[in-house]
Amino acid sequence: MASAFLNSHSLILRSDSLKTPQQPKLHFSSFTIKASSSSSSASSASNSGANVSLTGNNIEPVPSKHRRPADENIRDEARRHNTTHSHRFSAKYVPFNADPSSDESYSLDEIIYRSQSGGLLDVQHDMNALKNYDGKYWRNLFDSRVGKTTWPYGSGVWSKKEWVLPEIDGDDIVSAFEGNSNLFWAERFGKQFLGMSDLWVKHCGNSHTGSFKDLGMTVLVSQVNRLRKMHKPVVGVGCASTGDTSAALSAYCAAAGIPSIVFLPANRISLAQLVQPIANGAFVLSIDTDFDGCMQLIREVTAELPIYLANSLNSLRLEGQKTAAIEILQQFDWQVPDWVIVPGGNLGNIYAFYKGFHMCKELGLVDRIPRLVCAQAANANPLYLNYKSGWGEFKAVKANTTFASAIQIGDPVSIDRAVYALKNSNGIVEEATEEELMDAMAQADSTGMFICPHTGVALTALIKLVKSGVIAPTDRTVVVSTAHGLKFTQAKIDYHSNEIKDMTCRFANPPVQVNADFGSVMDVLKKYLLSKNPKC
């Protein structure tokens, strides 16, 4: 059936369908667009060009920005204008959630992953220095950089450089202009299935390698690039992965010419995910264990060899991932949504979202933070079980197979970070069974999306919380989609072919086999159209 599904249709493009339609001419008679002579502190700080204002009654020529010399690239241009230095700000490693009296800290140029006590580290920014500028300044600065090609601010991550890695030089940054992903108004899904009018999906999978992991990897690989130029003992970068981390790491390392080493659990990720690090030239080890086993091995290896650890145990990645939260506020014109729902596996991302929202509140860009929901697959749900126990003693679980393979993790590294984020955001943890997450994915796809199973987990959490009355139909809610659906086509094929054992596949939409004659085709089409329009 799956093969029939793949081969049942062909696409024919007629040459006349590719003609460009004639565009209507635009007439301007009532206003003039010209460059403003005023310059805000934000625009001068970002060096992003002149402001625009609408004045006057006649059309006047608009002065254009001079193009850079032909032999100069955007990195050269940034160096000439000195636009990438933020050295009035600083950041350092500190023990995560340390006692305020602790003076333990480390430079970001040190290669270190754990505190003296063996706990997690966090990147702490000099908030007093950042507070020398008010919320309006930061909002204007970040807004002035959106959509630009000025290096490195065209990136959704590096447009917030002062809050990410303030001391790194622009020459060391490795970026694919990641971020700035679509905040999709899920109008039909919200209305048809939940009666919601203000439901949004943040498509973080619309990114360079197809997942939100790009946001963190640009930061980590940029810092590694800096360390190598400082002649630090870093031969390559390694990670354990359920698929998306390895794709992001291998791509950014390839761009920088840095060797990447990937530990993957054998036969537990999709082929689309596996081929990405292979294509980008990573050294891939397929290991007969699960993610937790790979994670243990990579930690042991990086303790012995000069390989930099790229997993979310490393807090640098979370600095990039937190910019997705800032971006959501920016896309809502700095209005705060009521809820943000994030799929959770290794659990760094839920903390990253909390950190981004919290920084915006602390620095005066907004006056509150949203409530956070972490959504887990029932087959890999240690955080959910911990939440249901009243945040008692955490117990790792043996993760069972799930279609949401990227969150198939039973012993998450960032458990302490996740619990902290949820407690401080009045957060909730919910779970999704395999059938629930696949049904939710199919429902979303039927309304014009093409989401990954992990987003199906988050949508299941939303459905449950709306039905239980926790989330109101009028609440502005954002579901974070962490990866692109194209990475999980086999799961979709199996679902729509009704080939998943012990699953009803209620929303399956398999192709209809029809004889190659006019009468048979007409009969099938009439039946279909009547089912969609019973009053006809």
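The lining of the largest cavity divides into 10 nonpolar, 13 polar and 3 charged residues. This cavity holds about 300 Å³ of space, and it belongs to a predicted model with 2 cavities of 30 Å³ or more.

**Cavities**
- Among the 26 residues lining the largest cavity, Phe212, Lys213, Asn346, Leu347 and Ala406 are the closest to its centre.
- Helix 8 (244–256), helix 11 (316–321) and helix 13 (348–362) each give two or more residues to that lining.
- The second largest cavity has a volume of about 40 Å³, and its lining has 3 nonpolar, 3 polar and 1 charged residues.
- Thr242, Pro265, Arg268, Ile269, Phe291, Ser405 and Gln408 line this second largest cavity.

- Six strands form an open sheet in the order 5-6-14-11-12-13, with mixed pairing.
- Strand 5 (183–185) and strand 13 (428–432) are at the edges with a single partner strand each, so one side of each has no neighbour in the sheet.
- On average, neighbouring strands of this sheet are turned by 25° against each other, direction ignored.
- Strand 5 runs antiparallel to strand 6 (residues 199–203), joined by 3 bridges, and Phe184 stands opposite Val201 in strand 6.
- Helix 12 (residues 323–331) lies across strand 5, strand 6 and strand 14 (477–481), at about 135° to strand 6.

**Helix 18**
- Helix 18 (residues 489–496) is largely enclosed by the rest of the structure, because 6 of its 8 residues are buried.
- Those buried residues are Ala491, Lys492, Ile493, Asp494, Tyr495 and His496.
- Asn498, which follows helix 18, has a positive phi near 55°.

Key
Residues are numbered from 1 along each chain as its sequence is written. This is a predicted model: local features need pLDDT of at least 70, side-chain atom pairs count only at pLDDT 80 or more; totals for chains, interfaces and linings use all residues. Side-chain values use heavy atoms; hydrogens and water are left out. Buried means under 20% relative accessible area, exposed over 50%, partly exposed in between (1.4 Å probe, protein chains only). Helices (H or I, at least four residues) and strands (E, at least two) are DSSP runs, numbered from the N terminus. Two strands pair if DSSP finds at least two bridges between them. Axes are lines fitted to C-alpha atoms, for helices over the stretch in contact, and angles run from 0 to 180 degrees between N-to-C directions. Contact means heavy atoms within 4.5 Å. On a 1 Å grid over the protein atoms alone, a cavity is a set of points where a 1.4 Å probe fits but cannot get out, and a pocket is an open set with protein on both sides within 12 Å along at least five of seven lines; lining residues have an atom within 4 Å of a point. Grid points are joined across faces, edges and corners, and a volume is the space filled by probe spheres set on the points. Ala, Val, Leu, Ile, Met, Phe, Trp, Tyr, Cys and Pro count as nonpolar, Asp, Glu, Lys and Arg as charged, and the others, Gly among them, as polar.
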